[in-house]
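Subject: the model, plus my notes

Hi,

Here is the model for you to open alongside this message. My notes follow below, and please read them with the viewer up.

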Amino acid sequence: MTEPNTHRRSPARRRTAAVATGTAAALGLVAVSLATQARAATVITVAKDGSGQYTSVQAAVNAAAGDTISVAKGTYTEIVNVASGKTGLTLKGATGNAEDVVITYDRAAGYTDSGGNKYGTLGSSVATFSAGGLTVTGITVQNTFDKSAHPEITDTQAVAVAAQGDRQTFTNDRFISRQDTVLNWSPSSTGQYRQYFYSSFITGDVDFVFGNATAVYDRVNIQLRNSGAAAGGLNGFLSAPNTSSAKTYGILVTGSSVSSSAAANTYYLGRPWHPTADAVGQLVVRETSLPAAVKVAGPWTDMSGYSWKNARFFEYRNTGAGATVNSNRPQLTDSQAANYTAQKYLAGTDGWNPVR
């Protein structure tokens, strides 16, 4: 069995161009912080038709400092980057319905910039959220890259959202792509970067929930896209964590629903991404409904020669046609499960508890 697109390099190594601007960005952090403290937060409006203060989301982000950005109904074809200095920002769809407000772009890791350099995984992201204390609600982010239309592109990672800040909350959102839809990233592999996804929709087919940050997917709808494989074949992989061995918690999927129209036994729940020696992926799927598309006999698989058995993969009280208990499906005991809750994952060193 051939694993599609298993090769990766660390996103931190793929944005060499971004490193060159890092010093300038850092110098601006103090000014941004002082400006935020000097005035009360305001609501900045974005509307495609010109009825708001800005017509693009990025223009509003550039102007914001701890504000709420309200985005009117419409489709915004752009790349959005919320830098680390934009602490405490709220980005929300004005209607409250994520289907109404869509940020979209066509970009893949194998595309090249004006200098002929490939974007890489992180560079393929439609929306990169680096700021701490960020809230995103009522928004769709979609990467429309279509690998069937671009057979010349072999690096087919196409990130919709790169979440790489601490204390980030995503509620009532939709994140859509195929490969690498949501990157939960910890710029420092052992640093405290926590992201909470609640009551949202996420879809993809290859490693589409992945990374080394601490992330909780709570009561979300996860859709495994149907790539056409016959029963028992291979449609894809839900997750690919590369959690540092120094971290107790990586990715948690809890109280959620996984759905798919794909044929039976064609999806793995996950595989361990092992780009560095200290990467020992950690993932728990608990109290979640699993479809027949999940490989019942063994939902975990190796990646690039690294055994899933060396990772930290567990289930607990899952239900549905894709759920069962056997020797290839490690289960938490009741007492162990008490330590793998959304609150435990997100508490960190400051007791953060955004759980609804």
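The accessible surface of the chain (Shrake-Rupley method with a 1.4 Å probe; for residues, only the protein chains shown count as cover) comes to about 14000 Å², and 50% of that belongs to carbon and sulfur atoms. Of the 356 residues in the chain, 52% count as buried. Buried here is under 20% relative accessible area, exposed is over 50%, and partly exposed is in between, with a 1.4 Å probe and protein chains only.

A word on what you are looking at. This is a predicted model, so local features need pLDDT of at least 70, side-chain atom pairs count only at pLDDT 80 or more, and totals for chains, interfaces and linings use all residues. Residues are numbered from 1 along each chain as its sequence is written, and side-chain values use heavy atoms, with hydrogens and water left out.

As for confidence, pLDDT (the predictor's confidence in each residue, from 0 to 100) averages 91 over the chain, and 89% of the residues score at least 70. Contact means heavy atoms within 4.5 Å. Among contacts in the chain with a separation of 6 or more, 73% are between residues 24 or more positions apart.

Now the fold. The chain has 6 helices and 24 strands; these are DSSP runs numbered from the N terminus, with helices being H or I of at least four residues and strands E of at least two. Two strands pair if DSSP finds at least two bridges between them.

- β2 (residues 68-71) and β5 (residues 90-93) run parallel, joined by 4 bridges, with Val71 partnered by Gly93 in β5.
- β5 is joined to β8 (residues 135-137) by 3 bridges, again parallel, and Lys92 stands opposite Thr137 in β8.
- β8 and β11 (residues 168-171) run parallel with 3 bridges, and Thr135 faces Thr169 in β11.
- β20 and β23 are parallel with 4 bridges, where Ile251 stands opposite Leu283.
- β23 and β24 are parallel with 5 bridges, and Val284 has Phe314 in β24 as its bridge partner.

How many residues of β23 are buried? 5 of the 5 residues of this strand (residues 282-286) are, so β23 is largely enclosed by the rest of the structure. Both faces are covered: Gln282, Val284 and Arg286 lie on one side, Leu283 and Val285 on the other, and all are buried.

The other open sheet I noted has 7 strands, ordered β4-β7-β10-β13-β16-β19-β22, with parallel pairing. Its edges are β4 (80-82) and β22 (267-270), each with a single partner strand, so one side of each lacks a neighbour in the sheet. The twist averages 10° from one strand to the next. Within this sheet, β10 (residues 161-163) and β13 (residues 182-184) pair in parallel over 3 bridges, and Ala163 stands opposite Asn184.

Tyr249 lies in the loop between β19 (236-241) and β20 (251-254). Tyr249 counts as buried because its relative accessibility is 17%. Beyond its neighbours within four places in sequence, Tyr249 is in contact with residues including Thr214, Gln282, Asn339 and Tyr345. Asn339 is 90 residues away in sequence from Tyr249, with 9.9 Å between the C-alpha atoms. A polar atom of the Tyr249 side chain lies 2.6 Å from the backbone oxygen of Asn339.

Most residues other than glycine have a negative phi. Arg167 is not a glycine, yet has a positive phi of about 55°; Arg167 sits in the loop between β10 and β11 and is partly exposed at 35% relative accessibility. Asp207 also has a positive phi, near 50°. Asp207 is in strand β16 (residues 206-211) and is buried, at 0% relative accessibility.

Cheers

Terms used
Axes are lines fitted to C-alpha atoms, for helices over the stretch in contact, and angles run from 0 to 180 degrees between N-to-C directions. A polar contact is a pair of N or O atoms within 3.5 Å; within protein, one must be able to donate a hydrogen and the other to accept it, and residues adjacent in sequence count only if both atoms are side-chain atoms.
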